[in-house]
Amino acid sequence: RKDGGRILRTAMAQALITRDAIAEGMAVLDALSRDYPHDVQVALARARALVSQERYAEAEGPLQHALRLNPGDPEATKAL
């Protein structure tokens, strides 16, 4: 429960994006990025959402951020 807020909000954002509610899902991810600026999973979720919309150039920023937070992260490295 203590960590559920971040996890549940990330899952909700991903579900919204999957349902083509892109603006709503991105708004949740933007808020998560502000609330948890040092969370690798939040950065990766934002990058995945941007990639799913073929916004590759915009996804580079969150991926680079994830790598700064966790150098050598395999998911961020592969996606980048």
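Reader: What is the mean pLDDT of the protein chain?

Author: The model is predicted, and its confidence can be summarised over the whole protein chain. Of the residues in this chain, 95% reach a pLDDT of 70 or more. The mean pLDDT of the protein chain is 92.

Reader: In which helix of the protein chain is confidence highest?

Author: Confidence is lowest in helix α1, which covers residues 4-18 and has a mean of 90. At the other end of the range, with a mean of 96, stands the helix made of residues 56-69, namely α4.

Reader: How many residues does the largest nonpolar core have?

Author: The residues with the most contacts inside this core are Ile17, Met26, Val28, Leu29, Leu32 and Ala49. Helices α1, α2 (22-35) and α3 (40-52) each supply at least two residues of the core. A second, separate core of eight residues includes Leu44, Leu63, Leu67 and Ala76. The number of residues in the largest nonpolar core is 13.

Reader: Which residues does Val28 touch, not counting residues up to four places away in sequence?

Author: Val28 is among the residues with the most contacts inside the largest nonpolar core. Leaving out residues up to four places away in sequence, the residues that Val28 touches are Arg9, Met12, Ala13 and Leu16.

Reader: Is Asp39 buried or exposed?

Author: Asp39 lies in the loop between α2 and α3. Buried means under 20% relative accessible area, and the relative accessible area of Asp39 is 16%. Asp39 is therefore buried.

Reader: Which backbone nitrogen does the side chain of Asp39 reach?

Author: Not counting residues up to four places away in sequence, Asp39 touches Arg6 and Leu69. The side chain of Asp39 also reaches, at 3.0 Å, the backbone nitrogen of Val42.

How values were computed: Residues are numbered from 1 along each chain as its sequence is written. This is a predicted model: local features need pLDDT of at least 70, side-chain atom pairs count only at pLDDT 80 or more; totals for chains, interfaces and linings use all residues. Side-chain values use heavy atoms; hydrogens and water are left out. pLDDT is the predictor's confidence in each residue, from 0 to 100. Helices (H or I, at least four residues) and strands (E, at least two) are DSSP runs, numbered from the N terminus. A nonpolar core is a set of buried Ala, Val, Leu, Ile, Met, Phe, Trp, Tyr and Cys residues joined through side-chain atoms within 4.5 Å. Buried means under 20% relative accessible area, exposed over 50%, partly exposed in between (1.4 Å probe, protein chains only). Contact means heavy atoms within 4.5 Å. A polar contact is a pair of N or O atoms within 3.5 Å; within protein, one must be able to donate a hydrogen and the other to accept it, and residues adjacent in sequence count only if both atoms are side-chain atoms.
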